[in-house]
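Dear colleague,

Please find below the structure I am handing over to you. My findings follow it.

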Amino acid sequence: MIFAGIENGGLLALTIILTALAGIAIGIACAIFIPFFRYRVRMDKHNKALRDAEIKADHIIKNAQLDGKQAAYELKQEADKEIKEKKNDLAAQEQKLFQREQSIDRRDASIAAKEANVEERLEEVNRKSKEYDKKSASLQEKIDSIISELERVSNMSVQEAKDELFAQVESKTSKEMAAYIKSREEEAKEQADENAKEVLGLAMTRWAQEVTTERTVSVVSLPNDEMKGRIIGREGRNIRTLEQLLGVDLIIDDTPEVITISCFDPIRREVARLTLEQLVKDGRIQPGRIEEIVEKCKKEVEGSIEKAGEEAALKLGLPRINKELLNYVGRLKYRTSYGQNMLEHSVEVAYLAGIMAAELGLDQNLAKRAGLLHDIGKAADFEMEGSHVEIGTHLCKKYGEPEVVINAVESHHDDVEKKFVISCLVQAADTLSAARPGARSEILENYIKRIEKLEEICNEYDGVYQSYAMQSGREIRVMVIPEKVDDLTAAKMAREIKERIENEMTYPGTIKVSVIREYRAIETAK
C-alpha cells in the first residue's frame, strides 16, 4: 500500500514536471517564432511599398519623357520661327545697305562734280584777288599821298586829327545827351508828380506810428556789486554754466552794478537778459538752478515769438501764412536796424503798401503780405549765409509764397528788376518808414564816416568848389564854379554823384543831392 502510494505520488510529480517542461518548450518556441513572424509581416509590407514606389517612379519617368519631348518640340518650333524672322530681317537690312550704297555712289559722283566746280571758282577767285591786291596797292599809294598832302597843309598828324575830332564829337554829344535826359526827366516828373504826391500823402496821413523806437537791451542792472561775485561763482563755475547754456558772452568789468551781454543772435541775447534778471530776483544762483531758469526763459521767449508773429498777421488781417514763416516774423521783434525795431517797421511798411495799393486799385492784402515779409531775411541773417534779401527770398520760396511777394522781397533794394507794381509800392513804403524823423539812428563814428565819404565823393569832380553835408547826412549840397560847369553839366554831375552814393555807400533812408551853380555880377559904385 505504501509502495503503491509512493508510486502514485511519483507519477503525479513526474506528470507535473513533464507538463512544466512542455510549457517552457512552448514558451521558448513562441518567443522564437512570434518575432520571426512579425519580421516576415513587416518585410512583406516593405516589399509591397517598394514595388508600389517602383511602379510610380516608372510612371513619373514616362510622363517626364513625354513632357520633355513635347517641350523640345515646342522649343524647336520657336527656334525655327526666330531663325526665319532673323533671316527676313537680314534680308531687309541687306536691301537697305544696297540702297544706301547706291545713294552713296550717287552722292560721291555729285561731290566730285561740285569739287571740280569749286576748283574752277577758286581759280577765278585767286585771279580776281590778285587783281584786287594790285588795285588796293594803287589806291593805298594814292591815299598815302593825299594824307601826306593834308598833313602838310594842316600841320597836324593823323592821330592828332582823330583826337581833335573825337574830342569835339564827345563834347557835343555829352551836352546833347545831358539836355535830352534832363528834358525827359522833367516830362516824366510833370506826369508822375501829381499822382505820386497824392498817393504818398494819403498813405502817410492815414498811418501814424510812434517816433520812439524799441531797442534791444544788452545791459542788465544789478542791485549791488556783490551780485557780480555770486553770478561769477566759485572758480567761475556759474558764469561758465551761463555762457555755455546761453551761447553768449557775459562781460563783467569795473562798471558798477552792470553786466553786459554780447551776442550777435538777438534771440539768445533776450534769453540771457531774462535769465539774469530772474536769477538776480530769485537770489539762488548755482548750476542746477541756472539750467532750470534757462529752460524756462527759452520757452517764454519762444512763446513770445510765436505770439508776436500771430498778432502781426492778425493785426494786418492776413490769414493762411505758414506757421514756420510766422515764427520768423515773430523773431523780428528782437531784431533792430539802426535802432528801429524790425517787427514794427515791417508792420508799418505793410500798412503803407496796403493803403497805396488800395488807392491804385490793386490787391491790398497781397501788398500787405509783401510789406510784412520784405525784411524777413533779417530774422535769420545771423544763422544763414548771405544778405537779408537773399535769405528772405529763400524763405519765401521755401514756404510757397506768391511770386509777387518773392519779387517784392528780392527787389526792394534794387538787387533784381521789379516785375510788379506792388514791388514798387513796397520799396516806397520801406523808404517812408525808414526815412521818417526819429525812425533810425546810428552810432557817432559811423555817422562821421558817412558824412566824410559823402563830401569826399563830391569833391572828386572837376569844377567843384566846395560840398556840404546837411540834415544829418540826408542831403548833400555841391557848390560848383560857374565858369567851369554849365547847367547841363551840373545836371549830369548830380546824376553821377547819386549813382556813386547808391553803389559805394550804405545809409539809412534817402540822400538828396543838390548841385548849385550860381553866377553873380557885382560892382561897387563909389
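**Findings**

The model is predicted: local features need pLDDT of at least 70 and side-chain atom pairs pLDDT 80 or more, while totals for chains, interfaces and linings use all residues. Numbering runs from 1 along each chain as its sequence is written, and side-chain values use heavy atoms, without hydrogens and water.

Leu-14 belongs to helix H1 (residues 2–154); helices are DSSP runs of H or I, at least four residues, numbered from the N terminus.

Helix H7 (residues 323–331) has Leu-325, Leu-326, Tyr-328, Val-329, Gly-330 and Arg-331 buried. These buried residues pack against H5 (266–282), H6 (287–316), H8 (342–359), H9 (364–373) and H10 (388–398).

The largest nonpolar core has 42 residues, of which Leu-372 and Ile-376 touch the most other members. Such a core is a set of buried Ala, Val, Leu, Ile, Met, Phe, Trp, Tyr and Cys residues joined through side-chain atoms within 4.5 Å. H8 gives the most to this core, with ten residues. Beyond its neighbours within four places in sequence, Ile-376 is in contact (heavy atoms within 4.5 Å) with Leu-325, Tyr-328, Val-329, Leu-332, Gly-392, Leu-395 and Cys-396. Another core, of 27 residues, lies apart from the largest one and includes Ile-231, Leu-276, Ile-293 and Ile-305.

With kind regards

Technical notes: Buried < 20%, exposed > 50% of the residue type's maximum accessible area, 1.4 Å probe, protein only. Helix = DSSP H or I, 4+ residues; strand = E, 2+ residues; numbered from the N terminus.
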